[in-house]
Amino acid sequence: MTYDTIIENIGQFILPKAADHPLKGEDMKRLEIRENAAIATKNGKVEWIGTHVDAQRMETENRVDAEGKVVSPGLVDPHTHLVFGGSREEELALKQAGVPYLEILKRGGGILSTVKATREASEETLFAKSKQSLKRIASYGVTTLEAKSGYGLNRETELKQLRVVKRLKKTTVLDLVSTFLGPHAIPPESKEDPEAFLQEMIAMLPHIKEEELAEFTDVFCETGVFTIDQAKRFMEASMANGLTPKIHADEIDPLGGTELACQTGAISADHLVAASDEGMTALALSDTVAVLLPGTTFYLGKDHYANARGMIDRGASVALATDFNPGSCVTENLQLVMSLAALKLKMTPEEIWNAVTVNAAHAIGKGTSAGVLAPGRKADIVVWDVPNYKYIPYHYGVNHAMLVMKAGEVIWKRGDADVF
Ligand SMILES: O=C(O)CC1=NCN=C1
Ligand SMILES: [Zn+2]
């Protein structure tokens with residue numbers, strides 16, 4: 001057989017474990033690393049994984065020399081607010097003055113200022129802006145990601161955002177999943193009647209399912225936003241309409257959103273900075289993935305981070321994501337989040353790699369098709385300019401990706417310009 005591409009001379013090949021459930025407990029702490037390896041692709045799929053020596057005897061159209069460096073599956077970012085209008089740099093001064101996130105929101109800023117910009121932006125503008133972000137996301141080694149709505153807070157604009165994601169799915173090489181985050185905040189026009197607004201968002205669910213505009217739903221369960229009871233009713237209505245729930249839980253105040261996620265069978269519970277011991281134990285006993293967002297904690301200038309160690313050591317499955325959004329975490333760089341996971345969440349390199357590949361894939365229902373390289377799987381592959389798999393969390397703030405491959409095709413390669 002003649003292969004399409006062989007990537008050879010791989011110093012360390014990172015091979016997260018293929019599993020039909022998210023990794024937890026001891027599995028979360030283990031990571032297979034193969035040395036002096038090679039991988040062969042054909043028709044966009046992984047065809048063979050073996051040794052560099054064996055690869056020398058194989059026929060291929062293209063041969064890529066990994067120069068003894070590191071190769072991994074394409075990364076998965078399971079939590080982004082990709083589609084939005086405008087920006088919120090003006091709020092930095094408020095944050096520097098110590099004005100809390102929820103206070104900025106209460107004053108009509110934060111999410112609500114992005115809502116105004118998103119309502120005013122055309123679908124074309126949002127599409128072009130999101131596509132630029134996707135290029136940057138891909139350059140950091142991400143080949144699969146989630147994208148939420150939530151900056152419309154009315155039927156017209158929520159559908160506009162979801163249509164943008166649907167168009168991006170069809171027109172870009174990355175794999176996207178879509179999440180309807182209608183109950184993201186209470187719009188000014190519904191301030192007097194949040195319940196009516198929640199009902200309006202619930203009433204959208206059949207249409208969203210019918211038009212295949214989202215696979216998941218999400219709700220911001222937080223003080224001054226949506227209560228546990230409101231979140232529960234929205235999540236139950238989601239499931240009744242064939243949509244799988246997620247939840248922004250225990251981000252700032254410990255309302256018990258973590259426990260609610262596990263009780264309702266949510267696919268993921270996200271943020272969890274204020275998760276209780278009971279909530280962490282519930283995670284360990286469930287298949288709900290804890291999606292941790294240390295970039296947001298950092299960006300909001302908080303000292304207290306999610307208790308990743310407590311979750312992992314209890315046996316919960318943990319994933320990592322950027323939470324890319326215009327106000328509380330303005331970065332597409334999942335590698336930076338890997339560093340914060342080491343420095344602030346005290347996660348090991350093995351746990352971090354599992355959290356940005358196989359577990360991140362399970363958090364968006366892609367556990368059997370992304371985040372793992374094995375014969376028959378999509379050839380989503382990244383070559384990293386690092387000496388070993390521990391290096392990315394250690395050296396932060398830069399882009400270590402050399403080459404990003406999506407379904408067997410190179411979609412990004414570090415510039416060839418070399419004037420030094
Ligand atoms: O502030 C934002 O735009 C995104 C966010 N939603 C809930 N927490 C952060
Ligand atoms: Zn978020």
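Modeller: Four donors count as tetrahedral if all angles lie between 85 and 135 degrees; four count as square planar and six as octahedral if opposite donors are over 155 degrees apart and all others between 65 and 115, and anything else is irregular. Donors are N, O and S atoms within 2.8 Å of the metal (3.2 Å for Na, K and Ca), and since water is not among the atoms, sites may look incomplete. This is a predicted model, in which local features need pLDDT of at least 70 and side-chain atom pairs count only at pLDDT 80 or more, while totals for chains, interfaces and linings use all residues. Residues are numbered from 1 along each chain as its sequence is written, chains are lettered from A and ligands numbered from 1 in the order in which they are written, and side-chain values use heavy atoms, with hydrogens and water left out.

The zinc ion (ligand 2) is held by NE2 of His 79, NE2 of His 81, NE2 of His 248 and OD of Asp 323, at 2.1 to 2.4 Å. The arrangement is irregular because the angles that these four donor atoms subtend at the zinc ion (ligand 2) run from 83 to 171°. Along the chain, the donors of the zinc ion (ligand 2) are spaced as H-x1-H-x166-H-x74-D. His 79 belongs to the loop between strand E6 (75-77) and helix H3 (92-96), whereas His 248 is in strand E10 (residues 244-249), so this pair ties together parts that are 169 residues apart in sequence. Helices (H or I, at least four residues) and strands (E, at least two) are DSSP runs, numbered from the N terminus. Both of these histidines are buried (under 20% relative accessible area, against over 50% for exposed and in between for partly exposed, with a 1.4 Å probe and protein chains only): His 79 has a relative accessible area of 0% and His 248 one of 3%.

The strands named here lead on to a sheet. E6 and E10 are among the eight strands of an open sheet with parallel pairing, in the order E6-E7-E8-E9-E10-E11-E12-E13. E6 and strand E13 (318-320) stand at the edges with a single partner strand each, so one side of each has no neighbour in the sheet. Two strands pair if DSSP finds at least two bridges between them. Strand E9 (residues 216-217) and E10 run parallel and are joined by two bridges, with Phe 216 opposite Thr 244 in E10. Helix H10 packs on the sheet, where it touches E8, E9 and E10, and its direction makes about 160° with that of E10. Helix H15 (residues 334-343) also packs on the sheet, touching E6, E7 and E13, at about 85° to the direction of E6. Contact means heavy atoms within 4.5 Å, and axes are lines fitted to C-alpha atoms, for helices over the stretch in contact, with angles from 0 to 180 degrees between N-to-C directions.

Within strand E11 (residues 268-271) lies His 271, which has a positive phi of about 90° although it is not a glycine; at 3% relative accessibility, His 271 is buried. Leu 153, in the loop between strand E7 (142-148) and helix H7 (155-171), likewise has a positive phi, near 55°, and is buried at 1% relative accessibility. Most residues other than glycine have a negative phi.

Helix H7 holds Arg 155, which is partly exposed at 38% relative accessibility. Apart from neighbours within four places in sequence, Arg 155 contacts Glu 200, Met 201, Met 204 and His 207. From Arg 155 to Met 204 the C-alpha distance is 7.2 Å, although the two are 49 residues apart in sequence.
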